[in-house]
Amino acid sequence: MPVGMMNLFSATDPKLAIYNYATSFFGGVAPLDQWVGYVLVCCFGLVFTLITQAMIMADQKFGSGHNNSEDFQTCGRTIKTGLIAVDIVSHWTWAATLLQSSNQAYQYGVAGPFWYAGGATIQIILFGILAVQIKMKAPSAHTVLEIVHARWGNTAHLVFFFFCFLTNIIVSAMLILGGAAVMTALTGMNTIAAAFLIPISVCVYTTTGGLKATFLSSYIHTVIIYVALCIFAFTVYATGSDLGSPSKVYQHLVIKAGSKPVVGNRDGSYLTFFSSNGLVFGIINIIGNFGTVFCDQAYWQSAIAARPSATYKGYLLGGLLWFCIPFTLATCLGLSALALDLPITVTEANEGLVPPATAFFLLGKGGGILMTVMLLMAVTSSGSAELIAVSSLFTYDGYRHYVNPRATGKQLLIVSKIMILCYTVLMGVFAVILQQLNCSLGYVYEVMGVLIGSAVVPIALCLMWKKTNKWGAMAGAVFGQWLGLVAWLIFAKVKYGAITYDTTFENYTMLTGNVVSLFLGGLICAVVSFIFPEDYDFLSMRQIKVMDVAEDGDLGFAKQGEDSMEAMRAALRFVLIWGGFLAVILIPIWPLLALAAGTWSQGYFTFWVVLSLIWGLIATVIATLLPIWESRDALTAMCKHLVGKGGPLPSKLHPPLDMQNDEKPVQIPQQAVGDDTAHREHEVGNTYKL
């Protein structure tokens with residue numbers, strides 16, 4: 001709101017009168033007491049440590065859990081569909097998901113939430129294809145870099161180690177930066193203290209429970225996020241006294257557009273998909289998020305931990321469940337900030353403070369606390385995934401490959417925990433560096449595609465195409481990044497006359513860098529591979545060593561049924577068809593249908609709001625109940641034993657092993673795959689030394 005202007009709606013809503021002539025919503029004053037921030041951060045860490053530790057102990061007694069390196073990093077490769085889907089939702093719900101999605105609504109209107117949600121959902125859905133390929137071609141892998149090493153050796157391994165670790169650094173820094181900024185704005189908590197305390201609160205339960213702790217905490221965190229989402233959505237569009245209905249929000253948005261039209265939107269309206277800047281952001285979002293999914297070990301780790309049948313189901317379902325979080329949340333909180341004409345500054349918006357401002361206005365201190373809790377759930381859950389992902393990279397791709405190739409399972413477990421502790425500190429350091437450089441959450445979010453987008457196609461083709469040339473893959477990743485950076489900076493200089501923070505943050509500058517990085521990286525890789533094709537048979541990927549697994553270990557496969565290797569062929573066809581179909585529906589069919597509506601009528605806007613509410617409710621129910629239903633046998637056994645009526649405990653999938661065991665030969669399931677290895681069927685079924 002411009003300086004000296006009255007709030008547009010203060011005459012009809014006395015609560016808004018305090019914002020007349022205001023130049024900032026928060027004004028540098030935190031609405032909550034500082035102690036609230038410290039208590040929330042510290043207590044939530046302690047509470048979730050106790051809860052997850054209790055759940056892990058119960059799983060080890062009544063389920064299939066073991067205290068060894070394989071279980072610590074892969075959960076025995078037996079996680080079911082519901083928990084995989086919820087874990088994907090948890091991984092992908094960053095601080096930026098909750099904060100920047102509403103900022104897009106605040107800037108561009110109704111198009112912003114969709115472009116954020118749709119532009120970041122298709123990557124998860126399409127990653128389901130790679131998830132199936134992992135089970136078919138590298139069933140014993142622990143990390144994506146082990147797959148790269150098995151195919152291309154040390155040089156490529158080190159090149160892609162750089163890109164994967166860079167991805168983890170960017171994601172981790174964004175998580176902590178966003179969380180710390182909101183904690184400071186809402187509670188006055190010291191930003192640097194928040195940057196270090198938030199990852200420490202996650203470190204404790206991640207170190208004790210490993211990947212299983214991440215899965216279990218993800219479930220609890222995600223349920224809390226969905227509940228908070230529903231509270232905010234129904235407060236805005238159904239029960240709240242300030243707005244309370246789609247019609248009132250619509251009317252206020254029309255008035256707001258008349259006072260402050262949106263540059264680049266048709267008629268300056270907030271109620272249209274004809275938004276040039278919104279479209280540019282959507283393209284940046286799509287490109288950048290391919291990098292953060294395909295280059296982030298956290299997503300590969302979930303696929304590795306899944307039982308075979310849960311790979312494609314979990315990623316397809318997880319993408320659809322996640323879509324409603326930015327879509328529904330931004331449609332309510334982001335548009336509400338506009339409909340209430342809250343005096344949120346550009347700086348506050350770029351720091352992700354649109355949702356906290358709206359939540360605090362609508363629900364008072366309770367809304368501020370609920371938003372803070374929601375944010376902590378997102379940051380701690382995603383932070384836990386990043387901790388275990390980096391731990392895996394440095395344990396298996398650093399320590400085991402280059403320091404101690406004959407490491408035992410016990411040694412790997414110790415190194416894993418040490419790396420979690422080390423990266424906990426580094427997460428805080430990276431966030432503080434960005435904060436001291438005055439890099440906003442929005443800036444980091446948009447520039448990540450320039451930095452890592454070039455590695456997307458080479459990493460995907462490593463697993464999917466037998467002709468991919470390793471030198472082409474490395475050249476594509478490295479030169480694609482360099483060319484993207486050069487294009488990004490040159491465009492800022494040529495278009496705006498100088499290379500500054502503001503000019504490099506302009507939409508078209510970011511678009512140029514993102515597009516060049518992704519497409520030239522892929523083009524270089526493809527061209528070199530066509531000129532100098534390899535003829536890889538994928539056998540070395542199936543010879544990656546595993547630890548602490550019995551000699552008859554099946555890596556989660558069954559001899560028949562949906563978890564058999566044969567079923568994976570059908571699963572690949574399914575995910576190719578349905579993943580592609582859903583991706584095309586989201587981008588471009590849905591936006592084209594919204595464009596046909598022009599500047600929306602009240603009826604169309606109401607339909608849009610109802611759709612977002614229904615999607616949010618269905619996602620909440622599925623995310624809450626499906627993991628419980630799939631774990632009903634173990635839960636029933638546990639309850640019976642607690643009341644003294646238990647029978648025999650469920651049998652373990654893998655018997656416990658001595659932690660000192662060296663690698664064991666593992667039976668590769670019959671009909672091991674790949675269209676590129678069909679001619680080697682006589683080799684399939686042999687016992688490989690893994």
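User: Is Phe538 buried or exposed?

Analyst: Phe538 is buried, because its relative accessible area is 0%. Keep in mind that this is a predicted model.

User: Where is Phe538 found?

Analyst: Phe538 sits in the loop between α20 (507–531) and α21.

User: And what is its phi, for Phe538?

Analyst: The phi of Phe538 is near 70°, which is a positive value in a residue other than glycine. For background, most residues other than glycine have a negative phi.

User: Which peptide bond is cis?

Analyst: The bond from Ile587 to Pro588 is cis, and its omega is near 25°. Pro588 belongs to helix α21, which covers residues 565–596. Again as background, most peptide bonds are trans.

User: Switching to the surface. Which residues make a nonpolar patch?

Analyst: Leu523, Val527, Phe530, Ile531 and Phe532 make a nonpolar surface patch of about 540 Å². Take Phe530 from that group: its place is in helix α20. Phe530 counts as exposed because its relative accessible area is 61%, over the 50% cut-off.

User: OK, salt bridges next. How many are there in the whole structure?

Analyst: A search of the whole structure finds five salt bridges. As a general idea, side chains of opposite charge can pair when their charged atoms come close. Let me take you through some of them.

User: Which residue does Asp242 pair with?

Analyst: Asp242 forms a salt bridge with Lys15, and their closest N and O atoms are 3.1 Å apart. This pair links distant parts of the chain, 227 residues apart: Asp242 is in the loop between α8 (191–239) and α9, while Lys15 is in the segment before α1 (34–62).

User: One more, please. What does Lys256 meet in a salt bridge?

Analyst: The side chain of Lys256 meets that of Asp341, at 2.6 Å from N to O. Lys256 is in helix α9, and Asp341 is in the loop between α12 (308–339) and α13 (346–350), so to speak of sequence, they are 85 residues apart and the pair links distant parts of the chain. Lys256 counts as buried at 4% relative accessibility, and Asp341 is buried as well, at 2%.

User: What else is in helix α9?

Analyst: Lys248 lies in α9, which covers residues 246–259. Lys248 counts as partly exposed, because its relative accessibility is 29%. Leaving aside neighbours within four places in sequence, Lys248 is in contact with Ser241, Asp242 and Leu243. Asp242 is the residue that forms the salt bridge with Lys15.

User: How are Lys248 and Ala339 placed?

Analyst: Lys248 and Ala339 are 91 residues apart along the chain, and their C-alpha atoms are separated by 8.5 Å.

User: Back to α14. Where is Glu386, and what is it in contact with?

Analyst: Glu386 has its place in helix α14, residues 354–403. Leaving aside neighbours within four places in sequence, Glu386 is in contact with Asn168, Val171, Ser172, Leu175, Asp296, Ala298 and Tyr423. Glu386 counts as buried, because its relative accessibility is 3%. Glu386 and Ile420 are 34 residues apart in sequence, with 9.3 Å between their C-alpha atoms.

User: Last one: how many residues of α3 are buried?

Analyst: Twelve of its twelve residues are buried, so α3 is mostly covered; among them are Asp87, His91 and Trp92.

User: What should α3 span?

Analyst: At 1.5 Å a residue, the twelve residues of α3 (residues 81–92) should span 16 Å. The end C-alpha atoms of α3 are 17 Å apart, which agrees.

How values were computed. Residues numbered from 1 in each chain as written. Predicted model: local features only at pLDDT ≥ 70, side-chain atom pairs only at ≥ 80, totals over all residues. Heavy atoms only, no water. Helix = DSSP H or I, 4+ residues; strand = E, 2+ residues; numbered from the N terminus. Expected span 1.5 Å × (residues − 1). Buried < 20%, exposed > 50% of the residue type's maximum accessible area, 1.4 Å probe, protein only. Contact = heavy atoms within 4.5 Å. Salt bridge = Lys/Arg side-chain N within 4 Å of Asp/Glu carboxyl O. Patch = residues over 30% accessible without salt bridge, like charges linked within 9 Å, V, L, I, M, F, W, Y side chains within 5 Å. Areas by Shrake-Rupley, 256 points an atom, 1.4 Å probe, with all protein chains shown as cover.
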